[in-house]
Amino acid sequence: MMKNVNFSDEFLNAFIDGELDQKETGLILDEIRRNPDLSARITDLQKIREMVRYAYNDIDMPIRKKTYNPKRMKVWRAVAAGMILMLGVSIGWVMQSYEGGNRSLIELANAVQINQPPQNKDFKLVLHVTTGDTHRLAVMLDETERLLQDQEKQHHKVKLDILANGQGLNLLRADTSQFAERIHELRTRYNAVTFKACQQAINRLKQEKGITATMLPDTEVVPSAIGEIIQRQHEGWTYVRI
Amino acid sequence: MNLNPLKRLCYERELRNRIAEKRQRLYRLAYSWCHDSALSDDLTQETMTKALHKMSSLKNPEALDCWLYGILANCWRDHFRRTREFENIDDCTFTDDVTPERNYEQQYITQTIQAAVSKLPLGQRQALTLVDLEGFSYAEVADILEIPIGTVMSRLCRARKMLTQELLDLKTQSGEDRSPLLRRVK
C-alpha cells in the first residue's frame, strides 16, 4: 500500500478522532479527493476503530448478587442490628410468656411413635410421663383434656393411658402431686383416661431415697412401665413421651 | 462546593446515581484492558467504591467521566503493581490466551479483534480503548492516564498500526494469495 508522505499517521488518527481544527480538517478532506492512497489509509483507520467498538459492544457484566453504597450500608447495618435486637427481645418476651402458656403435646414430647394404622379412627394413646416439671405436667393435663373433649365431640373411641415413672411419678404421688384434684376430675369425667404408676419406680424411690410413696386414689399401679409400654405398642397404641 | 445541606443532599444523590449508571461502561473498559471477566468486575467494584468514598473530591461534576476513568486507571495501575512489580507496564506485551486456531475454527470476529487488542502493550491498549470505546478526547485521555498528550497520540497511533497489521493486512494478504477461480482454457 502506498503511503502518503505528506500526512503523518498521528495526524490522520487525529483526523478520524475529530481532534483537528477546521483548517486542518479541510486540508485533509481536500487531499482525500485527489489521493486514493490517503483515502485508503483513513478508511483503514476508521475500520480499525469500528472493529474495536464492535468487539466490545456486547460485553456484559457478570451478575452480582448485591451492590451497595457503603455509606447507605452503614445505615442499613444499624437498622438491621436494631431490628435483630428488637426481634431478640420480642422472642425472649414471647418465650417467657410461652413458658406460662399452652403448649401442645407434640411440642412437649421427647419422643413419639405412632403405631396406629391411619384408617383406624379409634384413638389409643399412651403418654409416658418421665418429667417432674410442674409446668410441663400442667400443660400435659390441659392437652389431655382438650384431646379427650375433641375426640368425644367427634364420637371417636378413645383410650388414653398416662403412665408415670422416674421423675414423672411426682404427678401421681399423693404427697407431692399438685394435680390431685385435676386428676380426680379427669378420671371422673372421662372413662377413657387412666393414670398408671410404675411399681419399679416406686420401689427404686424406696431403695434410693427411703421414701415410701403413696399413690393418688385414681392411680393404677402396673408392675413395669416399660412392660406396659411394650404391651401397648404391640396393641397399636400411639406412644408419646413427655 | 458550597451548597446548603438540602442542595448538597440532592447533589450527592444525583452524583451517586450518575456513578452507578457508569458501572457497565467501566466494566467494559476494564475488560478491554485485561480481558479477564473476574478481574474486570473487581476493578469496576473497586472503582465504584473509591468513587463513592471520594465524591467530595470531584470539583467539577461535568468532568465526572474523566474523574471516574482516572480512578479506574489508578486501580488498574495499583493492581498491576501488586501483581507484577518489576515490569514496566507500558512495555509489557500480553500473551494471547485465545489461539488463532480457535478463532479460525469458531469464526468469531469478536474474539479475533479482542485477541489482537489483548496483544497490544498496555499503555497503547488503554489509549486506544479510552478513545475508541469511551470517546474521550486526547486531552482527556492524557488527564486520565496522567501522561502527556503527545504520548497519547503516539500510543494510539502505534496501537492502530499494529491492529491494522493484525486484522487488515492479514486479510489483504490472504486475498492476494488467492488464485483466480475461473480461467479461460483454450
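## Two chains, two make-ups

Helices here are DSSP runs of H or I with at least four residues, and strands are runs of E with at least two, each numbered from the N terminus. By that count, chain A has nine helices and six strands. Chain B has nine helices and zero strands. Its elements run α-α-α-α-α-α-α-α-α from the N terminus on. The model is a predicted one.

Chain A holds 242 residues, and 25% of them are buried. Chain B holds 186 residues, of which 33% count as buried. In chain B, the share joining residues at least 24 apart is 65%.

## The nonpolar cores

The largest nonpolar core has 53 residues. Within this core, B:A30, B:L72 and B:V141 touch the most other members. Helix α4 of chain B, residues 64–83, gives the most to this core: nine residues.

Leaving out residues up to four places away in sequence, B:A30 touches B:S40, B:L43, B:T44, B:L72 and B:W76. As a general rule, nonpolar side chains in soluble globular proteins tend to be buried together.

## A helix pair in chain B

Helix α3 of chain B spans residues 37–53. The axes of α3(B) and α4(B) come within 9 Å and cross at roughly 125°. The crossing of α3(B) past α4(B) is right-handed.

From α3(B), the contact uses B:L43, B:E46, B:T47, B:K50 and B:A51. From α4(B), it uses B:L68, B:I71, B:L72, B:C75, B:W76 and B:H79. By class, this contact has seven nonpolar, two polar and two charged residues.

## An enclosed helix

Helix α7 of chain B covers residues 122–132. How many of its eleven residues are buried? Eleven of the eleven are, so α7(B) is largely enclosed by the rest of the structure. The buried residues of α7(B) include B:R125 and B:D132, along with B:L122, B:L128 and B:V131.

## Where the chains meet

Chain A puts 21 residues in contact with 31 residues of chain B. On the chain A side, α1 (9–16) and α3 (36–55) each supply at least two residues. The largest share of that side comes from α3(A), with nine residues. The chain A residues touching chain B divide into eleven nonpolar, two polar and eight charged.

## A loop residue in chain A

A:M215 sits in the loop between α8 (199–209) and β5 (219–222) of chain A. Is A:M215 buried, exposed or partly exposed? A residue needs 20 or more other C-beta atoms within 10 Å to count as buried, and 12 or fewer to count as exposed. A:M215 has 19, so A:M215 is partly exposed.

A:M215 and A:A174 are 41 residues apart in sequence. In space, their C-alpha atoms are 5.1 Å apart. Not counting residues up to four places away in sequence, A:M215 touches A:L172, A:R173, A:A174, A:A197 and A:V221.

Conventions:
Residues are numbered from 1 along each chain as its sequence is written. Chains are lettered from A and ligands numbered from 1 in the order in which they are written. This is a predicted model: local features need pLDDT of at least 70, side-chain atom pairs count only at pLDDT 80 or more; totals for chains, interfaces and linings use all residues. A nonpolar core is a set of buried Ala, Val, Leu, Ile, Met, Phe, Trp, Tyr and Cys residues joined through C-beta atoms within 7 Å. Two residues are in contact if their C-beta atoms, placed from the backbone, lie within 7 Å. Ala, Val, Leu, Ile, Met, Phe, Trp, Tyr, Cys and Pro count as nonpolar, Asp, Glu, Lys and Arg as charged, and the others, Gly among them, as polar. Axes are lines fitted to C-alpha atoms, for helices over the stretch in contact, and angles run from 0 to 180 degrees between N-to-C directions. A crossing is left-handed if the near helix is turned anticlockwise from the far one by less than a right angle, and right-handed if clockwise.
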